[in-house]
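Colleague: I am new to this structure and would like to go through it with you. Could we begin with the whole chain and then turn to details?

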Amino acid sequence: MPACCTTPPAGSRDSDPDLAAMDVAGFAADIEALRRSAYAAISHADYLHMRRVERFGRLAALVGYLTIWLPPNPLTAVALSFGQSTRWLLAHHITHRGYDRIPGIPARYTSRGFAKGWRRFVDWFDWILPNAWDYEHNTLHHAYTGEDKDPDAVERHVEFLRALRVPRGVKYAFLSLLACTWKFTYYAPRTMSVLDPHTMRRRPSDHILHVSIGNALDLRSPTVRALWARCYLPYAGFHFLLVPCLFLPLGTTTALFVLLNKLLAECITNVHAFLVIAPNHTADDLYRFDFHYHGRGEFYATQVLSSANYRCGTAVVDYLSLWLNYQIEHHLFSDLPMSKYREIQPQVKALCERHGLPYRQESVFKRFARMTDVAVGRTSGRRLERLPA
């Protein structure tokens, strides 16, 4: 068997000796103190920061729609993409209750009002159903990060790809296709799987019937029918049918240009999201767990051990990273405003170093390379059966 087609053995399941000096209790005590000070510092300024980010996204979308009738071009596509990505990053932090502690702000910027009911089409109109995302990501992923019950465990989802006996070039081609389409080939089916298709209520975590692009055409399934009715048809019908048709009075060529710009923007949005989301918890230096944490101290430790940051600290880098460059801080304190992560990041890093927890941080491109190495079977994530005593 040629080397390009083999899959390395899974990471060791033994308690990692590199973590022997880790002080879970001390780290938890210091993180709790930091939590109290971070929450006490939340203010109206954090809300104003979020609104500035929103205005930039609105401006980008405006530029995109004002030029959408032009022949397909990168300016229009990137502007439309930023407009759409901004809605997602706002949804990420608002639905995590990041702004619920700020008194006096409009209800539409709190988790109780954002993207609820008809506001979905104003606040966050994407392939993903907001209440499905809230359960799949905000609840299940954050509660089971790195475990087999984590619905976003990339390494588990690509086991078929890792095991394929084909040249790695074919595997990389598959990842490229996935990157261009993953919002509707991965996230929409994955998130809809966690809801009962008849009541739209949350399924128990051990009764989730997973839907993927592989069975998304099986309309005998109530979940698949709900996926099409609530995700695929509304989004595709608006962006790729209604919007181009509005330009038909200007000619079929103009309407075609609009469609092509829309499709190019969709591809860019997917690639952008894949680049900054997929590497957050998957690499040969990150851990997966064969146990569920007990207590807040173990929770904090597992969140650090299974997460990685990118470079951070500037407004441009933070925005382009969709604030996912603070993934460690976000998993420790998921309900903080996004502006607070930059403030506490140096403190979290120092606490990790003080208490013997590895703090993984590299450029997004290095982290992406580590993730793809795992996905194609060149490397594997580390495994832990337990935390060191």
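Predicted model: local features only at pLDDT ≥ 70, side-chain atom pairs only at ≥ 80, totals over all residues.

Colleague: What does the secondary structure of the chain come to?

Modeller: The chain holds 15 helices and two strands.

Colleague: How far does the C-alpha trace span along its principal axes?

Modeller: The spans are about 70 × 60 × 40 Å. The radius of gyration is 21 Å, and this agrees with a compact globule, because one of 389 residues would have a value near 21 Å.

Colleague: What share of the residues is buried?

Modeller: Buried residues make up 55% of the 389 in the chain. As for the accessible surface, it comes to about 16,800 Å², and carbon and sulfur atoms contribute 63% of that.

Colleague: And how much of the contacts with a separation of 6 or more comes from residues 24 or more positions apart?

Modeller: Such pairs account for 72% of those contacts.

Colleague: Let us move to helix α15. Why does its span agree with its number of residues?

Modeller: Helix α15 covers residues 364-376, and its 13 residues should span 18 Å at 1.5 Å a residue; the end C-alpha atoms are 18 Å apart, so the two agree.

Colleague: Which residues in α15 are buried?

Modeller: They are Val-364, Arg-367, Met-371, Thr-372, Val-374, Ala-375 and Val-376.

Colleague: What covers them?

Modeller: The cover includes α6 (154-157), α7 (159-163), α8 (168-192) and α10 (252-277).

Colleague: Which residue follows α15?

Modeller: Gly-377 follows, with a positive phi near 95°. The C-alpha atom of Gly-377 is separated by 9.0 Å from that of Leu-164, although the two residues are 213 apart along the chain.

Colleague: Where is Leu-164, then?

Modeller: Leu-164 sits in the loop between α7 and α8.

Colleague: A change of topic: is Thr-110 buried or exposed?

Modeller: Thr-110 is buried, because its relative accessibility is 4%, and the cut-off for buried is under 20%. Thr-110 lies in the loop between α3 (74-95) and α4 (120-123).

Colleague: Which residues does Thr-110 touch, not counting those up to four places away in sequence?

Modeller: Thr-110 touches Ile-94, Asp-100 and Ile-105.

Key
Residues numbered from 1 in each chain as written. Heavy atoms only, no water. Helix = DSSP H or I, 4+ residues; strand = E, 2+ residues; numbered from the N terminus. Buried < 20%, exposed > 50% of the residue type's maximum accessible area, 1.4 Å probe, protein only. Contact = heavy atoms within 4.5 Å. Rg over C-alpha atoms; globule rule 2.2 N^0.38 Å. Areas by Shrake-Rupley, 256 points an atom, 1.4 Å probe, with all protein chains shown as cover. Expected span 1.5 Å × (residues − 1).
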